[in-house]
Amino acid sequence: MTARILEVEGVHAGYGEIRVLHGVSLAIDGGSITALVGSNGAGKTTLLKVLAGLIPPLQGSVFYRHRDITDEGAARRVAKGIALVPEGRLVFPNFSVEENLLVGAFTPRVRAERAALLEQMYDRYPLLRERRRQMAGTLSGGQQQLLAIARGLMSRPSVLLLDEPSLGLAPQAVRDLFRMIAAIREAGVTVMLVEQNVRATLEIADAAFVLESGRIALSGAAADLAADDRVQRSYLGV
Ligand SMILES: Nc1ncnc2c1ncn2[C@@H]1O[C@H](COP(=O)(O)OP(=O)(O)OP(=O)(O)O)[C@@H](O)[C@H]1O
Ligand SMILES: [Mg+2]
């Protein structure tokens with residue numbers, strides 16, 4: 001339960017001349033929900049991209065199940081079990097729900113079991129079965145987010161990286177989403193959750209990290225951070 005599944009050590013990263021992360025180290029325990037919070041521009045998305053293999057760190061290392069994967073690209077990491085659901089629910093609007101789901105099962109590891117995985121998603125999320133032939137673009141925001149996450153689960157990940165999944169959703173959809181994320185952990189998938197909805201996030205998370213200007217400013221048990229003065233003032237509006 002507490003074995004580290006994903007870890008970064010001394011990571012510096014950025015875009016061209018722009019340095020965004022300045023020596024970030026953190027570890028994610030297997031089976032947990034780990035929250036990553038921080039202000040706009042702190043580098044949260046950049047860190048997720050480093051974990052997913054979309055940006056190579058300028059310095060530092062990434063470990064998965066204690067193996068160095070720093071030099072492995074995004075496709076290899078998906079194949080190994082690290083899936084990123086990017087910000088903005090990027091479903092293909094003119095593809096059906098089912099086609100969107102199948103896109104998620106592209107790696108050789110899961111290709112052969114696509115049909116079974118699809119059934120599993122439909123059993124878990126009956127709404128997707130009901131809407132399987134519907135164009136994804138006609139779904140509500142909350143339904144599109146559900147689809148985007150289910151598509152990520154179609155790669156049968158061990159670790160699911162979620163970038164601001166609640167952004168722009170109606171309150172009921174946000175509640176449904178957080179319940180869905182907790183259930184994903186119960187199903188044995190480790191979750192890294194980047195969220196602006198800090199209160200709800202710290203309620204479901206086990207551990208949390210606060211990123212400020214590309215550095216880890218605070219870390220600990222989610223409940224402890226929720227009770228921390230600095231977190232309350234800066235992120236919980238207390
Ligand atoms: N593709 C890019 N090219 C250049 N600079 C970028 C790029 N993407 C992000 N940045 C810059 O890197 C910094 C960190 O961005 P990042 O998206 O990681 O922050 P974030 O914490 O996810 O913010 P937000 O809460 O707004 O999503 C910002 O100053 C941003 O302007
Ligand atoms: Mg971001």
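The following legends describe close-up views of a predicted model.

In this predicted model, local features require pLDDT of at least 70 and side-chain atom pairs pLDDT 80 or more, while totals for chains, interfaces and linings use all residues. Residues are numbered from 1 along each chain as written, chains are lettered from A and ligands numbered from 1 in written order, and side-chain values use heavy atoms, without hydrogens and water.

**View 1. The shell around ligand 1.** Ligand 1 is surrounded by 14 residues (a heavy atom within 4 Å); Gly-41, Gly-43, Lys-44, Thr-45 and Thr-46 are the closest. The shell comprises four nonpolar, seven polar (Gly among them) and three charged residues. Strand 2 (18–29) and helix 1 (44–52) each contribute at least two residues, and helix 1 gives the most, with three. Helices (H or I, at least four residues) and strands (E, at least two) are DSSP runs numbered from the N terminus.

View 2. Oxygen atoms of ligand 1 lie 2.8 Å from a backbone N or O atom of Gly-41, 2.8 Å from a polar side-chain atom of Thr-45 and 3.1 Å from a side-chain N or O atom of Gln-196. Taken alone, ligand 1 exposes 640 Å² (Shrake-Rupley method, 1.4 Å probe), of which the protein buries 62%.

**View 3. Packing of helix 7 and helix 8.** Helix 7 (residues 141–153) and helix 8 (residues 171–186) pack at about 15°, with axes 10 Å apart; the axes are lines fitted to C-alpha atoms over the stretch in contact, and angles run from 0 to 180 degrees between N-to-C directions. The two helices are therefore roughly parallel (under 35 degrees).

Definitions and conventions. Polar contact = N/O pair within 3.5 Å; in protein donor to acceptor, adjacent residues only side chain to side chain. Parallel < 35°, antiparallel > 145°, perpendicular 65-115°, else oblique.
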